[in-house]
Amino acid sequence: MQLIRIAWRNIWRSRVRSLVVILAVALGLWAGVFMLAFSWGINSQRMQNIIETKISHVQVHAPEFRDEKEVGKFISETQSQQLLGDLSADERVKAVASRLVLTGMAQSPRAGLGVQINAIAPEAEAALTQLPERLIAGKYLEKDGRAMRILIGAKLMEKLGLTKEEGDSTIYGIRKSVVLKFQDTQGQTQGVKFKVQGVFKSQDSRFDASNVYVRMDDLAQYAGVGEGRHQIALLFNDPQTAEDSTYLQALRAEHADLEIENWKEIAPDLKLVDESFSVTVTIFMSVILLALLFGIVNTMMMAILERTRELGMLMAVGMNRARVFGMIMLETFFLTMVGAPIGLLAAYGSVSYFGNVGIDISAFAEGTAQFGVSSVVYTSLESGYYLQITLMVAVTALIAAIFPARRALRLNPAEAVRAI
Amino acid sequence: MKVIETKNLNKVYSGVVDVHAVNNVDLVIEAGEFTAVVGPSGSGKTTLLNMVGGLDRATSGKIYVGGEDITQLSNNQLIDFRLRNIGFVFQSYNLIPVLTARENVEFVMLLQKRSKAERAARVKELMAAVGLEERMKNRPGQLSGGQQQRVAVARALASKPRFVLADEPTANLDSVSTATLLDIMAELNQKENTTFLFSTHDQRVIDRARRVITLEDGKIVSDERR
């Protein structure tokens with residue numbers, strides 16, 4: 001107890017110097033944690049956005065479709081009906097929709113561009129991807145509405161020359177005609193004319209520049225797939241279900257002739273970001289803590305130098321090496337760990353605050369949209385990372401303590417007690 | 001009873017030119033002695049006290065404390081030896097500034113793992129003996145130099161050592177503080193039969209010593225008992 005008391009009081013002997021170190025630790029941790037939370041906020045929003053609007057939690061395809069995108073590789077009517085029925089009845093499934101997915105060209109009077117044509121069941125798609133919420137002009141597709149209507153991404157509209165600028169606003173050419181060209185199952189090129197019914201804009205401008213949506217009924221007849229489907233996508237109520245290997249194995253066993261993949265298999269880049277984040281945390285915080293370590297070691301070395309005579313006295317009167325070592329270790333540990341909770345609490349507070357109100361980065365929105373990043377970033381960091389960072393700080397404190405403690409042990413008490 | 005005995009004690013500092021700081025010193029200190037080691041600067045006073053106190057190693061010769069040859073002890077054993085046997089009073093007091101006077105006196109007893117009751121009683125007794133009962137809660141920075149050195153004497157005696165080594169204890173004190181400190185040490189010497197061994201230049205200390213050993217060039221040139 002006495003050692004703890006001495007160590008604690010010792011760190012306040014040079015109040016300003018200790019406060020500078022404590023402040024540096026607190027600021028370093030706050031900045032580090034906040035930057036990580038900002039980074040994770042961007043990543044998690046991007047992942048969530050991509051999952052919820054594009055790839056969903058799980059996708060089902062006919063074998064090799066995802067690699068080759070061949071129109072003829074589709075899930076048969078029987079299989080797709082059965083699967084849709086089974087999944088719709090599953091309580092774990094929040095939404096499920098089927099699609100035809102064709103690679104083709106969109107042709108306007110002014111330009112022609114390569115696109116992915118998504119033929120959808122409007123209601124099911126709305127439940128799955130909230131597509132209607134992303135409309136910025138026109139109307140969503142209706143099940144029994146007018147035939148041969150199309151939804152086009154805002155960026156694609158621009159590239160097809162179907163927009164015009166009026167003052168500060170952009171007027172989208174609703175009801176303008178667009179011809180979609182694609183190959184049917186027989187290898188014949190089909191050209192089908194659609195009228196623009198709506199324009200959507202997501203957080204990913206690249207997606208908006210290369211995707212169109214039409215009704216399944218309008219396209220199926222031209223594609224030659226009958227009631228077949230290229231893709232069945234689903235979202236779960238609990239996102240963890242998508243990573244439940246037992247569930248996936250059972251589903252795969254039941255539909256052995258189909259490819260069933262979760263989002264991590266469909267988008268390995270997202271998986272990498274998700275799974276490598278703890279490595280990012282470790283590396284990022286290590287760099288910050290390394291910088292702090294030098295500051296702490298320097299401060300403690302100065303303290304040892306100033307207290308040479310006192311340390312000599314302690315050794316002379318019978319304080320053994322383990323106790324001297326322990327006292328310096330404790331002092332360094334205290335010095336570091338006083339700043340740590342301040343920094344972590346400040347970080348937790350600011351991460352929570354900006355997790356609610358968000359940070360507007362709209363000044364960079366044009367650039368960020370290309371990467372599917374929203375213009376408002378909501379900071380977030382799982383609580384486990386706070387624990388990981390706390391442990392890293394503790395380890396840093398212990399490492400920082402070793403050098404001054406060893407220096408103290410090397411003192412010769414006979415010389416130290418007379419040191420000036 | 002012999003408390004300290006040295007036989008053919010030598011200390012040589014090697015360098016470009018070897019310095020024979022202590023040269024074949026044979027010395028016996030009996031229990032209860034109040035001895036001053038005097039001599040000019042560089043005569044080997046501090047080196048002799050450091051070796052007797054187990055702070056420095058002899059180049060050759062033997063040092064017996066209570067019959068135990070301390071030249072054979074390892075560094076760790078020496079630390080334990082100092083804790084059990086020796087009280088130190090330093091020229092610059094060397095109190096722990098973050099502890100109160102009471103805690104400074106208690107500190108060595110904590111290292112000795114004495115019970116709380118024993119510590120409390122001993123602290124009270126010693127602080128009364130050095131006349132600082134009222135200043136127990138003060139930190140060193142709140143005490144005068146003389147008061148700090150009195151606390152240092154109380155600390156040196158707290159562990160009930162075989163002897164107290166005082167290296168120039170009055171060098172930083174004014175005459176009034178010196179007189180008070182010497183009175184206290186003389187009283188404790190008689191009351192508790194504590195052996196005191198000083199190194200000093202201070203004539204006031206020399207005048208109060210009952211034995212004066214004079215060193216020159218590392219050798220004892222006189223040993224006067226009064």
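Two strands count as paired here if DSSP finds at least two bridges between them, and the strands themselves are DSSP runs of E, at least two residues long, just as helices are runs of H or I of at least four residues, with both numbered from the N terminus. With that in hand, take A:Asn118: its bridge partner in S10(A) is A:Tyr213. This is a predicted model, in which local features need pLDDT of at least 70 and side-chain atom pairs count only at pLDDT 80 or more, while totals for chains, interfaces and linings use all residues. Residues are numbered from 1 along each chain as its sequence is written, and chains are lettered from A and ligands numbered from 1 in the order in which they are written.

Let's stay in chain A for a moment. The bridge between A:Asn118 and A:Tyr213 belongs to a parallel pairing of S3(A) with strand S10 (residues 211-215), built from five bridges. S3(A), residues 112-120, also pairs with strand S2 (residues 93-107), this time antiparallel and over nine bridges. Those two make a hairpin with four residues between them, and A:Gln107 is bridged to A:Gly112.

Now over to chain B, where six strands form an open, mixed sheet in the order S6-S7-S8-S3-S9-S10. S6 (86-89) and S10 are the edge strands, each with a single partner, so one side of each has no neighbour in the sheet. From one strand to the next the twist averages 20 degrees; angles are taken between N-to-C directions, from 0 to 180 degrees, with axes as lines fitted to C-alpha atoms (for helices, over the stretch in contact).

S6(B) runs parallel to S7(B), residues 163-167, over four bridges, and B:Ile86 is partnered with B:Phe163. Helix H5(B), residues 145-158, lies across both strands at about 170 degrees to S6(B). Further along the sheet, S3(B) (residues 34-38) pairs in parallel with S9(B) (residues 211-216) over four bridges. B:Ile213 is a handy landmark there: B:Val37 is its bridge partner, and B:Asp223 in S10(B) stands opposite B:Ile213 too. S9(B) and S10(B), residues 219-225, are antiparallel, with six bridges. They form a hairpin with two residues between them, and B:Asp217 in the turn has a positive phi of about 50 degrees.

What about the packing? A nonpolar core here is a set of buried Ala, Val, Leu, Ile, Met, Phe, Trp, Tyr and Cys residues joined through C-beta atoms within 7 Å. Buried means 20 or more other C-beta atoms within 10 Å of a residue's own, exposed means 12 or fewer, and partly exposed is in between, with C-beta atoms placed from the backbone. The largest core has 120 residues, and among the members touching the most others are A:Val33 and B:Val37. A second, separate core of 64 residues includes A:Phe74 and A:Trp263.

Beyond four places in sequence, B:Leu182 touches B:Arg204, B:Val205 and B:Arg208, where contact means C-beta atoms, placed from the backbone, within 7 Å.

Finally, the two chains meet through 20 residues from chain B and 16 from chain A. On the chain B side, H2 (75-85) and H3 (101-111) each supply at least two residues, and H2(B) has the largest share, five. The predictor gives the complex an ipTM of 0.88 and a pTM of 0.74.
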